[in-house]
Each structure stands twice: as C-alpha cells, then as structure tokens.
Amino acid sequence: MKITLVKKVLADGSLCGKCRDVQERLEAKGQLSLIDRTLIADVRDPQSAGITIARQYKVEHAPFFIVEREGRESEIYTIYAKFAKEICSQRVGSSPAHPHASHSR
C-alpha cells in the first residue's frame with residue numbers, strides 16, 4: 001500500500017487551515033510515518049504536482065489522501081477521520097510506531 005497526502009498552499013505561501021489541522025492530527029497520532037509521499041497543490045502554480053493530481057482524480061478540496069494498493073483502483077479520501085479509521089488503523093497495527101508499543105515515562 002502506498003499513501004499520498006496532497007496539501008494546498010495558498011497565494012500568500014501558507015498552508016491552508018484544514019491542511020495544517022490534518023498535519024497536526026497526523027503528527028499527534030503518530031500517523032505521519034504512514035504517508036509515503038506528500039504533494040503540494042500550490043494555487044500560485046497551476047502545474048504544481050498537487051494541482052495536477054487533484055485534476056487527475058477530480059478532487060476539488062485539499063487536503064486529501066490517495067491510497068494505492070496493488071491490483072486495485074486508487075482510493076481517494078477527502079475526510080481525515082474516515083482515512084484514519086479505514087487506513088491508518090490497518091497500517092499502524094503493523095507499524096513499529098504503533099501507539100500501544102511505546103511506554104510512558
């Protein structure tokens with residue numbers, strides 16, 4: 001499984017608010033390591049990788065996740081909670097970053 005996160009950069013160069021929120025959630029829950037690549041949809045550059053792939057998958061809002069599995073069509077997740085429940089829970093269980101594997105000090 002390969003996971004791509006697409007985030008949007010606004011005209012002033014900052015990350016969109018929803019993208020910042022999702023980034024913080026991924027970091028807080030130890031899920032950032034599950035992301036294989038991150039693409040930026042830069043509104044100042046219509047040819048940026050993130051905008052190009054958003055067009056390809058007909059996604060109008062960022063952030064979004066693309067989940068690729070061998071032999072299956074890519075799945076698009078535009079809602080973090082659904083992505084976390086359906087995908088992260090699968091991958092975290094097999095990841096050394098599993099929250100239950102760490103010990104409190």
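Student: How much accessible surface does the protein chain have, and what share belongs to carbon and sulfur atoms?
Tutor: Areas come from the Shrake-Rupley method with a 1.4 Å probe, and for residues only the protein chains shown count as cover. The accessible surface of the protein chain is about 6,700 Å². The share of carbon and sulfur atoms is 49%.

Student: What are the ground rules here?
Tutor: This is a predicted model, where local features need pLDDT of at least 70, side-chain atom pairs count only at pLDDT 80 or more, and totals for chains, interfaces and linings use all residues. Residues are numbered from 1 along each chain as its sequence is written, and side-chain values use heavy atoms, with hydrogens and water left out.

Student: Where is confidence highest among the helices and strands, and at what value?
Tutor: pLDDT is the predictor's confidence in each residue, from 0 to 100. The chain mean is 88, and 86% of residues reach 70 or more. Helix 3 (residues 80–92) is lowest, at a mean of 86. Strand 2 (residues 37–42) is highest, at 98.

Student: Over which residues does pLDDT stay under 50, and how many contacts beyond four places in sequence does the model have there?
Tutor: Contact means heavy atoms within 4.5 Å. The residues are 94–105. Their contacts beyond four places number seven.

Student: Which pattern does the chain follow?
Tutor: Helices (H or I, at least four residues) and strands (E, at least two) are DSSP runs, numbered from the N terminus. There are three helices and four strands. Read along the sequence, the pattern is β-α-β-α-β-β-α.

Student: What share of the 105 residues is buried?
Tutor: Buried means under 20% relative accessible area, exposed over 50%, and partly exposed in between (1.4 Å probe, protein chains only). By that rule the buried share is 37%.

Student: Which peptide bond is cis?
Tutor: Most peptide bonds are trans. Look in the loop between helix 2 (49–57) and strand 3 (64–68), where Pro63 sits. Omega is about 5° for the bond joining Ala62 and Pro63.

Student: What is phi of Lys58?
Tutor: Most residues other than glycine have a negative phi. Lys58 lies in the loop between helix 2 and strand 3. Lys58 is exposed, at 72% relative accessible area. Its phi is positive, near 60°.

Student: How far is the C-alpha atom of Ala11 from that of Arg44?
Tutor: Ala11 is in the loop between strand 1 (2–9) and helix 1 (17–28). Leaving aside neighbours within four places, Ala11 contacts Val43 and Arg44. Ala11 and Arg44 are 33 residues apart along the chain, yet their C-alpha atoms are separated by 5.7 Å.

Student: How many salt bridges does the whole structure have?
Tutor: Asp21 and Arg25 meet in one at 3.4 Å, N to O. Both lie in helix 1, four residues apart, about one turn. Arg69 pairs with Glu75, the closest N and O atoms being 2.9 Å apart. The search of the whole structure finds three.

Definitions and conventions: Salt bridge = Lys/Arg side-chain N within 4 Å of Asp/Glu carboxyl O.
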